[in-house]
Amino acid sequence: MMEEPLYPIAVLIDELKNDDIQLRLNSIRRLSTIARALGEERTRKELIPFLSENNDDDDEVLLAMAEELGLFIPYVGGVEHAHVLLPPLETLCTVEETCVRDKAVESLCRIGSQMKESDLVDHFIPLVKRLAAGEWFTARVSACGLFHIAYPSAPDALKSELRAIYRQLCQDDMPMVRRSAASNLGKFAATVEPSYLKTDVMTMFEDLTQDDQDSVRLLAVEGCAALGKLLEPQDCVAHVLPVIVNFSQVCKSLFVSAPYTVQDKSWRVRYMVANQLYELCEAVGPEPTRADLVPAYVRLLRDNEAEVRIAAAGKVTKFSRILSPELAIQHILPCVKDLSSDSSQHVRSALASVIMGMAPVLGKDATIEQLLPIFLSLLKDEFPDVRLNIISKLDQVNEVIGIDLLSQSLLPAIVELAEDRHWRVRLAIIEYIPLLASQLGVGFFDDKLGALCMQWLQDKVHSIRDAAANNVKRLAEEFGPEWAMQHIVPQVLEMMNNPHYLYRMTILNAVSLLAPVLGSEITCSKLLPVVITASKDRVPNIRFNVAKVLQSIAPIVDQTVTEKTIRPCLAELSEDPDVDVRFFAIQALQSIDNAMVS
């Protein structure tokens with residue numbers, strides 16, 4: 001009979017050689033259990049070497065192995081023996097499947113960050129050097145993601161060698177390697193001494209930004225803000241700023257005095273510049289921002305590619321905040337006016353989602369004179385997402401220009417949108433109504449918007465009716481029970497006679513929401529009789545919703561009302577021919593009984 005300690009490894013070997021991939025996967029996912037059974041020493045001497053040799057498998061199995069090994073330090077005897085995990089992961093770093101390599105690199109980083117400094121020098125750094133010199137490009141791609149772990153612990157001579165190796169990877173023949181070097185440069189740079197940042201690292205950055213592959217350039221640009229924050233502001237201006245400004249497309253007629261007149265031919269790179277430009281402002285300081293980055297940003301706002309304009313338009317408020325109102329009006333606002341009538345609906349949508357934030361930046365006068373006409377044109381845009389984005393941010397404008405002017409200029413457009421054919425636009429308006437009501441006051445609301453709120457309760461779209469029911473509840477909370485009793489309750493209860501059962505269900509929902517706000521007296525005198533009448537409705541859906549409403553109303557009213565009115569009604573519904581009606585009626589009765597006991 002086989003000895004017990006040998007059994008797990010024998011099972012593992014059998015399952016790893018099985019034709020069924022699921023069995024092989026299960027075996028890999030149980031590695032920690034097997035390691036515990038074997039003990040630390042046998043795990044190091046038998047299990048890990050076995051895994052190093054068995055790496056020719058389906059990608060799914062290799063991915064699971066790469067993930068498991070990253071958590072294996074406790075099973076091999078702690079950080080003193082962590083280096084034994086490196087060989088199988090090194091092999092996984094060379095496979096063709098990207099997700100397996102990425103997971104192996106992630107696990108190596110996790111292990112390397114816990115290893116002792118001497119082990120890093122003896123085992124981890126040689127691994128990085130082997131991968132970086134690998135014949136197949138996959139090894140070199142993986143190596144780029146490990147330098148930031150290897151570098152801090154290396155002696156000075158080795159550090160110099162590692163910087164030279166990374167520089168070679170930045171100039172590798174394979175674009176995939178250069179891409180990996182570009183995307184990992186920021187992490188590596190964060191570990192390099194400041195004296196070498198300006199020389200070695202910035203040379204690598206400049207090499208990558210001049211690459212003939214746009215995918216490499218855009219990854220280099222993506223890391224520019226992180227690099228800029230590592231440098232002193234003056235060094236950032238000297239090394240990073242020219243590169244980024246050069247990448248933005250130039251219109252000489254707009255900025256003749258701009259010192260940089262190169263442009264990147266790839267819109268993807270310019271798109272990345274548009275996304276990174278604001279982050280760079282923090283690194284370079286206010287003066288270079290005004291002199292160089294604002295002109296570059298304006299060029300991106302006027303780029304001939306819609307995707308670049310979308311990225312740039314999404315940053316107009318952020319950019320305006322770091323400028324004085326005068327500069328924002330002079331440079332940014334003319335572009336905003338052009339973008340508000342852009343041929344691309346997605347550009348207009350991106351602008352609409354942020355433009356309201358410009359109001360506090362520009363101040364009351366400039367908002368009234370310059371921004372309000374743009375808001376109005378976007379509110380009437382043919383594309384519903386544009387209108388939606390404007391509606392959802394109206395409160396930012398109200399804080400600046402006041403409710404009187406807002407109601408005069410924007411309210412007609414809002415009323416028009418309340419009947420928009422796109423239900424999501426109507427929904428956005430409904431959700432904004434309580435806020436608008438609190439700002440406008442009860443008198444103005446009754447005149448202009450009261451009828452709309454009732455109209456939404458009979459909308460064709462369920463989400464609108466549901467939101468409208470919540471809306472009347474929030475209005476009742478805002479203006480008080482007396483106002484609700486006069487302006488909401490009579491109209492809501494009248495709708496209970498609607499011939500369509502779906503609308504009657506909406507009213508029952510509204511009643512259950514209004515009852516806690518209106519209090520016991522109004523609920524008993526006005527709402528409850530209507531609900532009791534609805535219990536005789538011919539549609540079972542209405543009857544079981546009556547049971548739900550009665551369950552929610554019971555805690556609000558006196559116990560005598562519950563016993564005399566609610567309980568008899570529920571008892572009758574509990575004997576209804578429809579099974580769902582009986583279920584909800586019995587549930588409501590049980591709820592009332594439990595409440596009385598407690």
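Beyond its neighbours within four places in sequence, Phe-124 is in contact with Leu-86, Leu-108, Gly-112, Met-115, Asp-119, Leu-146, Ile-149 and Ala-150, where contact means heavy atoms within 4.5 Å. Phe-124 is also among the five residues, with Phe-72, Phe-147, Ile-355 and Trp-456, that touch the most other members of the largest nonpolar core, a set of 211 residues. A nonpolar core is defined as a set of buried Ala, Val, Leu, Ile, Met, Phe, Trp, Tyr and Cys residues joined through side-chain atoms within 4.5 Å. Buried denotes under 20% relative accessible area, exposed over 50%, and partly exposed the range in between (1.4 Å probe, protein chains only).

The model is predicted, with local features requiring pLDDT of at least 70 and side-chain atom pairs counted only at pLDDT 80 or more, whereas totals for chains, interfaces and linings use all residues. Residues are numbered from 1 along each chain as its sequence is written, and side-chain values use heavy atoms, with hydrogens and water left out. The mean pLDDT (the predictor's confidence in each residue, from 0 to 100) of the protein chain is 81, and 89% of its residues reach 70 or more. Confidence is lowest in helix H1 (residues 7-16), at a mean of 64, and highest in helix H38 (residues 540-553), at 90; helices are DSSP runs of H or I of at least four residues, numbered from the N terminus. Over residues 249-262 pLDDT stays under 50, and the model has 26 contacts beyond four places in sequence for this segment. Where pLDDT is low, the predicted coordinates should not be read in detail.

A search of the whole structure finds 10 aromatic pairs. Rings of Phe, Tyr and Trp (its six-membered ring) pair if their centres lie within 6.5 Å, and planes under 30 degrees apart count as stacked, over 60 as edge-to-face and the rest as tilted. Trp-136 and Phe-137 form a tilted pair, 5.3 Å centre to centre with 50 degrees between the planes. Trp-136 is exposed at 52% relative accessibility, whereas Phe-137 is buried at 15%. The rings of Tyr-166 and Phe-188 are stacked because their centres are 4.6 Å apart and their planes lie at 25 degrees. Tyr-166 belongs to helix H11 (residues 156-170) and Phe-188 to helix H12 (residues 175-189), so this pair ties together parts 22 residues apart in sequence. Tyr-166 is buried, with a relative accessible area of 0%, and Phe-188 is buried at 1%. Ring pairs link Phe-147, Tyr-151, Tyr-166 and Phe-188 into a cluster.

Technical notes. Helix = DSSP H or I, 4+ residues; strand = E, 2+ residues; numbered from the N terminus.
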